[in-house]
Structure formats: structure tokens, C-alpha cells
Amino acid sequence: MTASVETAAVTPRGRSQSRRASGFLFRHPWLRLTGLLSLPMFWLVIAYLGSLGAMLVAAFWTTNDFTGAVVHNGTLDNFRTLVTEQVYRRIALRSVTVAALVTVVDAVIALPMAYYMAKIASPRARRLLVVAILTPLWASYLVKAYAWRVLLSHDGLVNWALQPFGTKGPGYGLVAVVLTLSYLWLPFMVLPVFAGLERIPDTLLEASADAGAKALRTFRSVVFPLLFPAIVAGSIFTFSLSLGDYITVNVVGGTSQLAANVIYDNITTGGNLPFAAAAAFFPVVVMLTYLVAVRRTGALENV
Amino acid sequence: MQRRRWMAMLATGTAALLVISGCGGSSSGGGGSSNSAAPPLPDVAMQQSVGQGEGELDLINWAGYAEDGSNDKSVDWVHPFEKATGCTVHDKIGNTSDEMVQLMKTGQYDGVSASGDATLRLIYGGDVAPVNTSLVPNYATIQPFLKDRAWNSVNGQMYGIPHGWGANLLMWNTKSVHPAPTSWGAVFNPNSPYKGKVTAYDSPIYIADASLYLMKHVPSLGITNPYALDSKQLAASVDLLKEQRKTVGEYWNDYTKEVQAFESGDSTIGTTWQVIANLVNSDKKGLVKAIEPSEGSTGWSDTWMIAAHAKHPNCMYKWMNWITSPTVNAQVAEWFGEAPAQSLACDHTSDKNFCADYHAADKAYSDSLYYWTTPTTHCLDGRGNVCTDYSDWTQAWTDIKG
């Protein structure tokens, strides 16, 4: 009771104050804009682009070989090593291949899955399926990666299941990495494709059928072109997440190393932050190239 | 139109970044050189007295050095320490010496159990402080041959308290590896029958294991110290390790990863520490055996060091004294499987032959091990400045893993 009396007493004064403030802001559009944009701009420019800039600067430094202390000299040595040493070219190629394979595997699995969810399943089943797709995202990344380590181990479930057929699982290695990453990032492909499919009206499919197209032709000429931007949107997630991954490959990758391992190892093992910074430009450049390429598909307007 | 303006903005932004980076580079340039001669010794103050504990202690240590009963109920020297001193211990496992150096550079830790390939980097990096050994009563009875050594002191000033030492071992699965190996050749055989099941330590320092093998089997290379390799000797070691890689199933640096890989059968032979063999055998009795092969071994000699800017220095001094006390040092040594640094510890081991088995008081044996040491351009075997340094080894290790 007393509380409501108090608020009633305060409100008129508070209202007049807020009205005065809004009037002030109305008369000063610049102040309004600054207030609205300063926080996001701070985040974008200082925290986000700033850290990228700091990384770029650090890439031109070197470290003292003995103590590991950073030496602030401007040199292109790090980039030269990255470009000239054959091993880094091999790792770069391997990383892009793995990321591309993960994207393809995810797209192939996600398409029929999303099609069923969007066009065939009942609304109730659709909700349940969306929940089922999202649920794994609640489990820790590490738990899922280690689950695959156990599955693929010498006396693991995969080998046990394949034994009757006289064959065995892939063991630890790049195949295991592609499998695990495909599993981890699948929701990021299913959801955009599902959203894209939902936006295609059923009447289009019916019209295509009325015009005499079989299912495959409808898919090729109607669904796929309309869906392509959504697939590309999903691929941005799967591709970039795979390109930046270093944990999965440590857990199930056997002896393999990917681009992100070079960065990680140079920070934790080599203690060579400048070289890690230089190496980190590889995924940045690949992703920028990829984004520029997919910009033409209109996928970015769809994300 | 809209798009073109965006691209222009992007281009301007990139240009601005380049300008900034150019400035950053030139303003601070010219000051340093990346040669590997030891830089001058940083001036770090030494503690003069030990007062009341600060209530907390943040440690970086090798697996098995700060046991609180969570691995084995009967193995616990952390809780008694906390009870005796009021210092609550937070320990962080370092998987490699490199990781320990990196963690110490964050300045968030009070102390570290550093091996010889980390100690000098920490000392010259100004990350650790000299240790006032008069404040650590148990230091008096540390084995004399561990005091004032090249890896734990500079100019006669100790930078830590010796903890223990031992050899890297060859471990194999007794069920699937026959006959029992006696030589490191078992893991360097390109036609190994255990192809895909071989494991190796994932750190550049493992190159020394290959060069030790070459030192004994290819005398024409002229290797006299596995940590002093000129570029030709390093190349030979790298070639051997590249051959080995074809037989390796996976590398390990996390000790739990090796324990799990041996228990599941994914690895059946490879380099190890005694503590890992103990852990595997405590889960699956008699599954593995670990020996020091005929070529001898690389090894470690660990030192507890205190951070230059430790937040809890009194607790750290109390810890250094605690961990080297006869009973605790005996417990640690038996759990980890190493020779205790404390000479009186030998009276407190549960196995009365323990110190004899580990040659704990045997200076000659201790000197025969090749302790992890940071390779530097200035050759450790006195050949001059023709050797490869640790950054070369790091680069080579990336190359070996491919």
C-alpha cells in the first residue's frame, strides 16, 4: 500500500523530468545519435577492430629466442616464414580442405533433414525436431569431442559395431576430425536451411508439379536456387568454425595439425605471440575472401 | 552504389590499420635484437623473512606434484599442508615446460615446479626471484649434487629448491608388445609392427630423444649432447622423427590423454613418465611396463621456484619447505616415480629399496642422464656458436608433425 502511494507521489515529478530530458534530446539530434551509438561503436571500433589491429601490429614483431620476451622491431620475418616454409602451405591446404569437407557433409545431411522439418512434418513434430536439433548445443563442446574420442577409440563403439562386417572405424585422424566437426556444427547448417525452406511457399512447389516437373526437377529448378543463399549462410558458420578449431583435432586428430593448432602451439608451446598473430591472418584472409565471394549470392542479406 | 561505398570504407579502414601498424613498428623498432645470447640478469629482490601465510597459494606444477587425495585417497600432502599453514592450495597442471613458462609470464601464480628446460628461461625472463635458502630449513639436507647446478642457480645464487629428478621411460602394453623392448629403437623403427599404436611426447624437447638415439647408434654424426645440435645434426634428428611419425598413432602432451590411450589400446608403446605407468596400472593391473632403455634416457631435474611478483610469497616459502621435507618428499617421489631431492626422504619411503632403485644418492648415475635443457645457439658442449636454438627446434617440431 505504502509503496503505491510513494510511486504515485513521485511520478508527476519524474515524468516532468523525463519529459524535459526528452525535449532536450529532441533539440539536440547529435547528442541523441551519440548516446544511441556510442556503446555499439565503442564495441565495434575499440574492442573488435582494435583487437584485430593490435594483432596485425604484433605480427610484425619477433621474440627473444631465449627468454621469449617480445622484441618490438618491425619485420616481415613472420610472414616470410609462413609463406616460404612448405609445412605451413601444407597445413593451410589441409585446414581449408577439412573446413570444406565439413561444410559439404553438413549440407548433405542438413538438406533432407530441413526439408522434412519444413515441408512434411506436422507443426507439432516440427517444433519437437527444432528442439532436438538445438538440444546438443546445450552440451559442452568438450564433452561432445571427447564422446567422439571414446566412440572412435580402439575398443570403442564404432569398431565394435563394424567388427561383424570385417572392417573397422577410421581411428584417430583427419577422417575423425571431419566426422566430429560435422557433428558439432550441424545445427548451424540445419537452422538457416530450415528457415530458408520455410520461406518458400508450398504453392511454388505445387505450381512446379502442375507444370509437369518431377520431384527432382522441382528441387533442381525451383527449391535449390531459392535455397542457395540459405545454404551459403549456413556454410559461413560451418566453414569458419571448422577453420578456427584446434581442440577437436587435438582430441581425435591423431598426429594431424591444422592452421589453428599452429596459432595455439605458438602461443602455449612456442611462446611466440608475434608468429601466432601472423599465422592468425591466414583464417582471417580466407574468411574475408569467402565472404566477398558469397556476397554476390545475396546470402549475407539472409543471415 | 551502396555496396561501392561500403567497399570504399573497408579499404579506408584497412589503410588506416596499415598506417597504425607501420607507426607501431617504427616507433618501437631498433631497440631489440633476437640473438640468443643470455641477456643480463634481471634484478629481482630476494625475500629476507617469512611471515604469516597469506591464506592462498597458486601453483603451476607437473601432474602428481600437488596431490590432494582426488586421484588416490591415500595420496594427499596438500590437505595436511593447508591445515598446518592455513594456505589454501590452487594447483594448475602444466603439461609441458613451454606451457609452464607461458603461465608464469601471466603473473597470476606464486610458484612453479620447473624443469631444467624452463628454469633459465624463467630466471633470465625476470619471472622468478632468487630463493633465500636460509628461509627453507629443509634445504640443508637436499642432496649436495643437486645444489648450485647450471639449471637452478646463477653465479652461485640458488633460484629454487630442488624437488626430484628422474628419467623419461619407454612404456609398452605387455599384452600386445612382444618381445619386451630394451632399446629406444622400438619407437624409432620405421617398420614397427606396432604401426599406428606408437606414441611420443608432443613437445619440441622430444627432439632430444631422437638425437640421444642417434648419438648412440650413428656415431659419425658426432653428437655429444642431445641438446647441442648443429643444423646437420638437427636435420638428422628431424629425419628420424619424420620416419617415426608414420608409425605414430597420436602424440601426447596431456598426461591423462596418454593414460586413456594406453587403457583403451589406442597406444601400445611410447615414451612416458613413471607416474603415467603407475596410473595405468592402478586402473588396469599389469597392463603396462616402463623401463629405462639401453641407450640411457633424457630426464628431468625439477626445481620449485617462486614468482618474481608472487602475491602469496610467505605461503610459497612454506610450500617449498613442506614439499622438500623428508616425509612429503618421500611421498611425492614414490607417487611420481622419481628420485627425491631430499636426502632424508629415503628413510621415509614405504618401499625400503625405493631410493636404491631410483639411484637417489648416486651422483654418477644422476650425471649420466640427459636432463631437459633449453638448447641455445651457444653450444652446450662447448663447440661455440654453431648450434640450433629452441626456436629452431619449435619450428622443426611443427615441420615433423607436418
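These legends walk through several close-up views of a predicted model.

**View 1. A disulfide joins Cys87(B) to Cys315(B).** Welcome to the first stop, one of three disulfides that a search of the whole structure finds over all chains. A disulfide is a covalent bond between the sulfur atoms of two cysteines. Here the S to S distance between Cys87(B) and Cys315(B) is 2.0 Å. Cys87(B) sits in the loop between helix H2 (78-85) and strand S2 (88-93) of chain B, while Cys315(B) belongs to helix H9 (residues 313-323) of chain B, so the bond ties together parts that are 228 residues apart in sequence. The torsion about the S-S bond of this pair is about -85°, which means that the disulfide is left-handed. Cys87(B) is buried, with a relative accessible area of 0%, and Cys315(B) is buried with a relative accessible area of 0%.

**View 2. Cys346(B) and Cys355(B) are linked by a disulfide.** The sulfur atoms of Cys346(B) and Cys355(B) are 2.0 Å apart. Look along the bond between them: with -90° about the S-S bond, the link is left-handed. Both Cys346(B) and Cys355(B) are buried.

**View 3. Cys379(B) pairs with Cys387(B) in a disulfide.** In this view, 2.0 Å separates the sulfur atoms of Cys379(B) and Cys387(B). Is this disulfide left-handed or right-handed? The torsion about the S-S bond of Cys379(B) and Cys387(B) is about 110°, so the disulfide is right-handed. Cys379(B) is buried, with a relative accessible area of 3%, and Cys387(B) is buried as well, at 7%. To place the pairs along chain B, number its bonded cysteines in sequence order: the pairing is then 1-2, 3-4, 5-6.

**View 4. Trp252(B) is a buried residue in strand S10 of chain B.** Strand S10 covers residues 248-252, and Trp252(B) has a relative accessible area of 2%. Because the cut-off for buried is under 20% relative accessible area, Trp252(B) counts as buried at its 2%. Which residues does Trp252(B) touch, not counting those up to four places away in sequence? The contacts include Thr199(B), Ala200(B), Tyr201(B) and Asp202(B), and also Glu258(B), Thr271(B), Thr272(B), Trp273(B) and Ile276(B). For a sense of scale, find Ser231(B): it is 21 residues from Trp252(B) along the chain, and the C-alpha atoms of the two are separated by 26 Å.

**View 5. A salt bridge brings Glu250(B) and Arg149(A) together.** Side chains of opposite charge can pair when their charged atoms come close. The structure holds 14 salt bridges over all chains, and in this one the side chains of Glu250(B) and Arg149(A) meet with an N to O distance of 2.7 Å. Glu250(B) lies in strand S10 of chain B and Arg149(A) in helix H6 (residues 141-152) of chain A, so the pair joins two chains.

**View 6. Lys401(B) forms a salt bridge with Asp265(A).** The closest N and O atoms of Lys401(B) and Asp265(A) are 3.9 Å apart. Lys401(B) comes from helix H13 (residues 390-401) of chain B and Asp265(A) from helix H12 (residues 259-268) of chain A, so this pair joins two chains. Lys401(B) counts as buried at 6% relative accessibility, whereas Asp265(A) counts as partly exposed at 22%.

**View 7. Lys242(B) and Asp399(B) meet in a salt bridge within chain B.** The N to O distance between the side chains of Lys242(B) and Asp399(B) is 3.2 Å. This pair links distant parts of the chain: Lys242(B) lies in helix H6 (residues 231-245) of chain B and Asp399(B) in helix H13 of chain B, 157 residues apart. Lys242(B) is partly exposed, with a relative accessible area of 32%, and Asp399(B) counts as partly exposed at 22% relative accessibility.

Methods
Residues numbered from 1 in each chain as written. Chains lettered and ligands numbered in written order. Predicted model: local features only at pLDDT ≥ 70, side-chain atom pairs only at ≥ 80, totals over all residues. Heavy atoms only, no water. Disulfide = S-S within 2.5 Å. Helix = DSSP H or I, 4+ residues; strand = E, 2+ residues; numbered from the N terminus. Buried < 20%, exposed > 50% of the residue type's maximum accessible area, 1.4 Å probe, protein only. Contact = heavy atoms within 4.5 Å. Salt bridge = Lys/Arg side-chain N within 4 Å of Asp/Glu carboxyl O.
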